[in-house]
Amino acid sequence: MPELHTGRHPMHSARAWWLLACFVAIAAVMVPVFNLVPDEDSIWKLPDFLIPLFGKFICYAIVALAIDLIWGYAGILSLGHGVFFALGGYAMGMYLMRSIGTEGVYGNELPDFMVFLDWKELPWFWYGFEYFAFAFSMALVVPGALAFGFGWLAFRSRITGVYFSIITQAMTFAFMLLFFRNDTGFGGNNGLTDFKRILGISLQEPGTRVGLYVVSVIALLGTYLACRYIVCSKLGRLVTAVRDAETKLRFTGYDPLQYKLFVWTFSAVLCGLAGALYVPQVGIINPSEMQPANSIEMAIWVAVGGRGTLVGAVAGAWLVNATKSWFTVAAPETWLYVLGGTFILVTLFAPRGLVGLLESVRLRGRADSTSPTGSEEVDP
Amino acid sequence: MKLPGFMAIVITMAFAGVEVRAEEAPDFNEALQGLGSKSRTTILKSIDQLSELNDPRSLSALEALLGKRLRSDDHDGLFIVDESGEIFVDALTGEEVRVDPDSLKTPRINNRVRRSLKPLIARLRLRNPDVSIRLAAAEELENRPSADAADSIRLALEEESDQTVRNVLEVALARIELKSDDPQLRLGAVEVLGEHGDRNQEAELVALLDQNEDGQFAESDPAVREAAQSAIQRIQRTAFLNDMAGHFFYGLSLASVLLLAALGLAITFGLMGVINMAHGEMLMLGAYTTYVVIGLFEQHLLAWLDWYLLIAVPTAFLVCAAVGMLLERGVIRFLYGRPLETLLATWGISLVLIQTVRLTFGAQNVEVANPSWLSGGYEILSGVVLPWSRIAIVMFSITTVAVVWWLLQRTRLGLYVRAVTQNREMAAGLGIATSRIDMLTFGLGSGIAGLGGVALSQVGNVGPELGRSYIVDSFMVVVLGGVGNIMGTVVAALGLGVLNKFLEPVSGAVLGKIFVLGFLILFIQRRPQGIFALKGRAAEA
């Protein structure tokens, strides 16, 4: 039934909470159990290589949520989220580099690439990264601060739409060039790799991998709930209003700047979090993560799943990346066709993504009974 | 017995005279024959002797020795074989002879021999009637100053009429005279170097001012030191101006490429408000069209290969325009009013195009050779060579901009395009078929990108990823220049291109680019609609 919302939506129906709990139980309990408990040869055994892969997907899902928040709800397409993601990853990578200690190839206190470049001491921006807490907070603060500064400049001068997208792309390009330089101090095009341990625990242990994976699942859950909280709140409705009619919103006395800026910065912080979780599981971070193409690909995850729905974004990220994992092994030459085709077909025929398709099928099924108002929000 | 005695004396004296002369100036034939020797010491000695004789007849044999075309037999015979390896010429007489090639040996030379050969050949070539050979010879002497070339250079200077060759010779002579014992000569040399010298000679002048531990200057004469000081300043000033001219020109040529890449983008962006992410791939397709055209010329019209550009330019335009119109009809038309999705869809198209080209032509770069009339360059100042290909690109992009301007401002199609750009609904209301105009404009924009691709194929690598490297830059040009505005696009491309090239030497290519991007992001804050913003209602649309 259509009802007038003045304040916040209820976050979930009882059924949706139940589904969410089931998902968390499968992802955070069943997957580790099936990996750790059965014997090597048992058919129930979940192969070890799948754990970091799942972990990667979980991180991508966080990114997808972040992009959905800014694109799906606020209508701002960012082609720069790859940078926020990579910056978070670099912050964590710097901690992991520092915790290698003297076990590197050169047996030096400095990271190997600095010894290789004949640097004698740590650059100032590496100070403090030997502490996990500092590095982790930097993984959130640095992307957040960059996004805040960039967003403040851009939104204040009312840059919107395609203009904003291509400026974020220019930023991405500039950062990629910057990080490719050896002199910048982040390992040049090799990036940061050969990590040994995190918080004193070896990264090679199966238990560590499972642990990182479970932490990622919890982070995803937290991210999802936070995003859900935001989009259901009054703030969320204002942000949606920015997307649908920014000028009207301004005329009703709101200043869109602060809402846009908040969502934009929060979105970047989430990407930083995802990057920080991603790097210890994948074991490397290098500037190719900042390629403009990566950021655009992130947008298509959300488009495939369905923007403006949080579940759709997560599903899209998993679907596209699972397809990618399969194609790049089975038929690498056709992957770009599949990806390119996805971009074209989704925008042409399924502008609201998979969720939109499912919904229209469902609506067609009961077209006579109720009117389709309120179909913007889809519960899991 | 007086007479015979006298005769004997005369004969003895004559013989003695011959012997004395033989010691002073070695026999030319003998010296030449020495070149064919097995021993490198003998070869070096012969070269010294020939250097002393300074006889132009020895040039062809010396050149042959350097080019490994000199042959000797066991009976002091010396032959020069031509490039084909079939015709043999006697080095002493210059007549064609028939010999058995298998009985001949090639004298072996090493770098030491080459080092003494080259200045000698250069000196002898200074008498060649061909200016370009004389210039090359003079440059050789300038690079390897040797004291025994001084007299030949002075002689050559007396007869030389070409100013360029004279300048080079003067520098060459000055470099030799710089080492002389006469302070007057050194002073003159320093002044000549100050006038014509470049960065290469600067170091030598700086060395004159060196002080050793006892406070002794390398150059003892204070007047020469003072002259050297001002000569260094002059060289540095000229070098600075040359650098600036070079940067400016290379900036101009980069700007032309950017302009060709961005012009079509600016038009379509202005008209339809969509960003075509596949625009870079139109550049790539244009470059590959050039490659295919060259292939066809090589197969069917080899004689006309030098003129392939005349066909490649219109073909690239038509191919890219056709692909562009196809895209507009097939995809973009359905996405009007959804610019962000158009951006994503065109990105998908670019992926498909790149992969198709990669599978068709291979992932490696293909080779596109310049036609012979575009290779080489024009030297505007000493040390600043403008390659013809880049000059041609500047001209080409000026022409393209002029044609596009004419098309938009002076034709009916242009009138329609401008009308639709300014107010789509009103234009439609006045009976303009806006959707047809969209298609044609998209074709035009893509076709211009194709022309850019032809231009790029002349100066850079042609590979499937070609478009990617230009797309961000061309977006920046469009953003900076303002939407749908030819003038703005031109100014923005010029500004960015020249700024890039001037920043490169200061901060390195990559950092320079980062600065430019950072500058742009800040610039947009002040003028969100570009340098030449559209005024009025159109600006808000």
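# Exercises on a two-chain predicted model

Of the 202 residues in the largest nonpolar core, those that touch the most other members are A:Val63, A:Ala64, A:Leu65, A:Ile167 and A:Ala170. A nonpolar core is a set of buried Ala, Val, Leu, Ile, Met, Phe, Trp, Tyr and Cys residues joined through C-beta atoms within 7 Å. This is a predicted model, in which local features need pLDDT of at least 70 and side-chain atom pairs count only at pLDDT 80 or more, while totals for chains, interfaces and linings use all residues. Residues are numbered from 1 along each chain as its sequence is written, and chains are lettered from A and ligands numbered from 1 in the order in which they are written.

## Exercise 1: where the chains meet

Describe the side of chain A that touches chain B.

Solution. Start with the counts: 36 residues come from chain A and 32 residues from chain B. Then list the elements of chain A that give two or more residues: helix 6 (161-180), helix 10 (292-305) and helix 12 (332-349). Helix 6 of chain A has the largest share, 13 residues. Last, sort this side by class: 25 nonpolar, 8 polar and 3 charged. Ala, Val, Leu, Ile, Met, Phe, Trp, Tyr, Cys and Pro count as nonpolar, Asp, Glu, Lys and Arg as charged, and the others, Gly among them, as polar.

## Exercise 2: a helix pair across the chains

How do helix 6 of chain A and helix 21 of chain B pack?

Solution. Their axes are 9 Å apart, at an angle of about 155°. Helix 6 of chain A is therefore roughly antiparallel to helix 21 (residues 509-526) of chain B (over 145 degrees; angles run from 0 to 180 degrees between N-to-C directions). From helix 6 of chain A, the residues in contact include A:Ile167 and A:Ala170. Among their partners in helix 21 of chain B are B:Val510 and B:Lys513. The contact divides into 13 nonpolar, 1 polar and 1 charged.

## Exercise 3: a pair within chain A

Parallel or antiparallel: how do helix 10 of chain A and helix 13 of chain A run?

Solution. The axes come within 3 Å and cross at roughly 5°. Helix 10 of chain A and helix 13 (residues 353-365) of chain A are therefore roughly parallel (under 35 degrees). A:Ala303, A:Val304 and A:Gly305 in helix 10 of chain A meet A:Gly353, A:Leu354 and A:Val355 in helix 13 of chain A. By class, this contact has 4 nonpolar, 2 polar and no charged residues.

## Exercise 4: one residue

Solution. Locate B:Glu425 in helix 17 (residues 424-429) of chain B. The cut-offs are 20 or more for buried, 12 or fewer for exposed, and in between for partly exposed. The C-alpha atoms of B:Glu425 and B:Arg154 are separated by 80 Å.

Notes. Contact = placed C-beta atoms within 7 Å. Helix = DSSP H or I, 4+ residues; strand = E, 2+ residues; numbered from the N terminus. Buried ≥ 20, exposed ≤ 12 C-beta atoms within 10 Å, placed from the backbone. Parallel < 35°, antiparallel > 145°, perpendicular 65-115°, else oblique.
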